[in-house]
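Take the stops in order, and look before you read.

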Amino acid sequence: MPVPQDILVSIRSDVDIVLARQQGRSMATSIGFAATDATLIATAISELARNIVTYAQQGEVAMRGVETSHSKGIVIVARDNGPGIRSIPDVLRDGYSTSGGLGLGLPGVKRLMDEFAIESEPRRGTTVTIRKWLK
Amino acid sequence: MPTTKRSANHLQRIVAQSTELLQELVSHLRQNRTQLREEWANRITEAQLLTAMTKEELFAEATSVYDNYVETLATGTFEALQSYSRNLSERIIPRGVETHEVVGIVLLLRDVLARSLFAKYQGDFTMLNRILDAYEPAANRIANTVAVGFVQERERVIRQQQEAIRELSTPVLQVRERLLILPIIGVIDPQRARQLTEQLLRGIRTNRAKVVVIDITGVAAMDATVANHLVQTVEASRLLGATVIVTGLSPEIAQTIVTIGVDLGKMNTVGDLQGGIEQAERLLGYKVVPVADAASS
Amino acid sequence: MEVPILKQGRFLIATIQAALSDADLLQLRRALIDKVIHFRSHGVIVDVTALDVMDSFATRTLRDITNVIRLRGADTVIVGIQPEVAFAMVQLGLTMEGVATALDLEEGLAHLQQRAARNT
């Protein structure tokens with residue numbers, strides 16, 4: 001089965017958050033992820049899209065299936081031109097205890113996925129790239 | 001070291017010649033397809049490889065391998081070969097074909113084709129050398145690609161089987177209505193921990209369990225990651241409306257849990273499994289009657 | 001999309017459909033407060049069986065709903081969190097402390113009845 005195409009969801013309001021995560025779930029399922037992993041992926045997308053709405057007002061979430069000689073997986077890029085993050089280590093700081101759902105939720109998103117990368121500059125915007133692979 | 005214009009052109013000429021040679025080689029292989037394929041199939045049988053297959057199957061697979069081999073030489077790209085190799089492996093692994101057989105047949109094909117090149121160009125030693133210079137690296141890369149593809153597929157199948165075994169060996173037991181017991185024994189790695197969590201949560205839903213006893217008496221040690229999984233399992237179970245009692249917590253593991261920042265006081269722990277089951281029954285509203293009384297009533 | 005809220009005796013049952021937007025959740029909060037006041041309900045069940053993702057906003061809002069309804073003297077219980085959703089929630093660090101949860105509608109009603117009995 002061919003790996004699904006690119007999907008780009010423009011994020012402007014809370015309604016787009018739902019759309020982005022639904023698209024993410026359906027792409028994950030067609031790539032072959034099981035229900036549990038598809039839920040993790042959809043949840044991660046939901047959090048990233050939510051950050052865009054909350055902090056940058058607008059941005060986009062791109063998702064794409066990937067295939068290497070080793071495995072298949074999904075890559076998601078959430079980007080915005082918002083205010084950016086002043087201190088990346090601070091937002092990634094995390095103990096094992098729960099955060100109660102406050103803040104950017106990035107440590108949580110990192111836990112849900114296999115790979116996580118973030119680029120951000122104050123006033124230039126933020127790009128978060130996450131990946132998950134089929135086991 | 002800068003490449004001068006002259007040596008850049010020289011390099012270009014070599015590459016162009018190599019491509020020309022490969023194209024000549026490819027047409028030779030296509031023209032002689034029938035007999036080269038038959039020769040190869042015979043050598044496979046002689047070497048007693050692919051014995052799991054019938055003659056017809058062997059011939060059919062040989063045909064498709066041959067065509068893919070030649071096509072890869074013609075295009076110089078390996079993506080199609082990688083997919084084909086994965087596909088082939090998926091088909092033949094369930095038939096019991098082993099790694100040495102796959103490597104063996106690909107090397108035999110390489111030899112059969114090399115021999116036919118010797119035969120064709122034996123009159124022109126220079127030409128023979130040039131054609132082998134073009135052929136050998138490509139042929140070796142093909143052998144490598146097919147072998148690696150096969151091995152990776154085998155590894156994937158083995159992982160799947162291990163996962164299935166793990167699932168069978170960690171039963172979630174329903175001992176009473178609304179009460180589940182999950183005895184964990186041995187070494188837990190993060191992957192197994194996650195699998196246990198998923199199984200338990202599904203079990204809670206299916207059995208409509210209100211109390212779960214997780215017994216870790218049989219677990220020698222736990223690192224922070226796995227301890228965290230345990231805590232997450234307790235929290236996730238609560239979201240499904242179940243109370244979790246953890247039994248058999250050794251002092252070392254208790255220490256690990258405290259180290260990761262969890263308040264042990266918030267976790268429901270009991271010394272041993274028996275005690276845990278009794279507390280579970282109390283929570284569920286069962287009366288705990290001493291055995292002697294039960295026997296006499 | 002409005003969330004249907006049914007009255008069952010002294011309790012209210014809100015059944016959430018999938019694809020719930022933030023605005024829908026906030027609307028639910030308002031509607032539940034109104035109805036608890038109007039019917040003098042003793043308890044509320046929010047059934048999230050159909051929710052395939054629970055993110056930080058959903059969690060925060062359900063906690064808000066619980067707290068606000070408690071101000072009216074009523075209990076709230078969230079039922080029907082799916083195993084995969086529960087797994088994702090704890091990985092994300094959302095545990096809904098302080099919010100009562102139960103497996104399904106039946107368990108949710110039993111929980112509310114127990115609480116109501118204790119309070120009388």
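What percentage of the 120 residues in chain C is made up of buried residues? Select chain C and colour it by burial: buried residues make up 49% of its 120 residues, where a residue is buried if 20 or more other C-beta atoms lie within 10 Å of its own, exposed if 12 or fewer, and partly exposed in between, with C-beta atoms placed from the backbone.

Before going further, keep in mind that this is a predicted model, in which local features need pLDDT of at least 70 and side-chain atom pairs count only at pLDDT 80 or more, while totals for chains, interfaces and linings use all residues. Residues are numbered from 1 along each chain as its sequence is written, and chains are lettered from A and ligands numbered from 1 in the order in which they are written.

**Chain C and its sheet**

Stay with chain C and switch to a cartoon view, where you can find four helices and five strands; helices (H or I, at least four residues) and strands (E, at least two) are DSSP runs, numbered from the N terminus. Followed from the N terminus, the elements come in the order β-β-α-β-α-β-α-β-α. Of the contacts in chain C with a separation of 6 or more, 77% are between residues 24 or more positions apart, a contact being two residues whose C-beta atoms, placed from the backbone, lie within 7 Å.

Now select the strands of chain C, which form an open sheet of five strands in the order 1-2-3-4-5, with mixed pairing; two strands pair if DSSP finds at least two bridges between them. The edges are strand 1 (5-8) and strand 5 (100-102) of chain C, each of which pairs on one side only. On average, neighbouring strands of this sheet are turned by 25° against each other, direction ignored.

Next, highlight strand 2 (residues 11-15) and strand 3 (residues 43-47) of chain C, which pair in the parallel sense over five bridges. In this region Ile13(C) stands opposite Ile45(C) of strand 3 of chain C.

**Where chain A meets chain C**

Show chain A beside chain C, and look for the 22 residues of chain A that are in contact with 20 residues of chain C. On the side of chain A that touches chain C, helix 1 (14-31), helix 2 (35-56) and helix 4 (106-112) of chain A each supply at least two residues, and helix 2 of chain A gives the most, with nine residues. The residues on this side of chain A divide into six nonpolar, ten polar and six charged, where Ala, Val, Leu, Ile, Met, Phe, Trp, Tyr, Cys and Pro count as nonpolar, Asp, Glu, Lys and Arg as charged, and the others, Gly among them, as polar.

Select Gln57(A), found in the loop between helix 2 and strand 2 (59-67) of chain A. Is Gln57(A) buried or partly exposed? Gln57(A) is partly exposed, with 14 other C-beta atoms within 10 Å, and its phi is near 65°, a positive value in a residue other than glycine.

Then colour chain A by pLDDT, the predictor's confidence in each residue, from 0 to 100: the mean for chain A is 86, and 89% of its residues reach 70 or more. Over residues 95-102 of chain A, however, pLDDT stays under 50.

**Two stops in chain B**

Move to chain B and select Leu49(B), which is in the loop between helix 2 (33-46) and helix 3 (55-75) of chain B. Leu49(B) counts as buried, with 20 C-beta neighbours inside 10 Å. Leaving aside residues up to four places away in sequence, Leu49(B) touches Ile44(B), Glu101(B), Gly104(B) and Ile105(B).

Finally, select helix 8 (residues 224-239) of chain B. Of its 16 residues, 14 are buried, so helix 8 of chain B is largely enclosed by the rest of the structure. Just after this helix, Gly241(B) takes a positive phi of about 85°.

How values were computed
Expected span 1.5 Å × (residues − 1). Axes fitted to C-alpha atoms, helices over the stretch in contact; angles between N-to-C directions.
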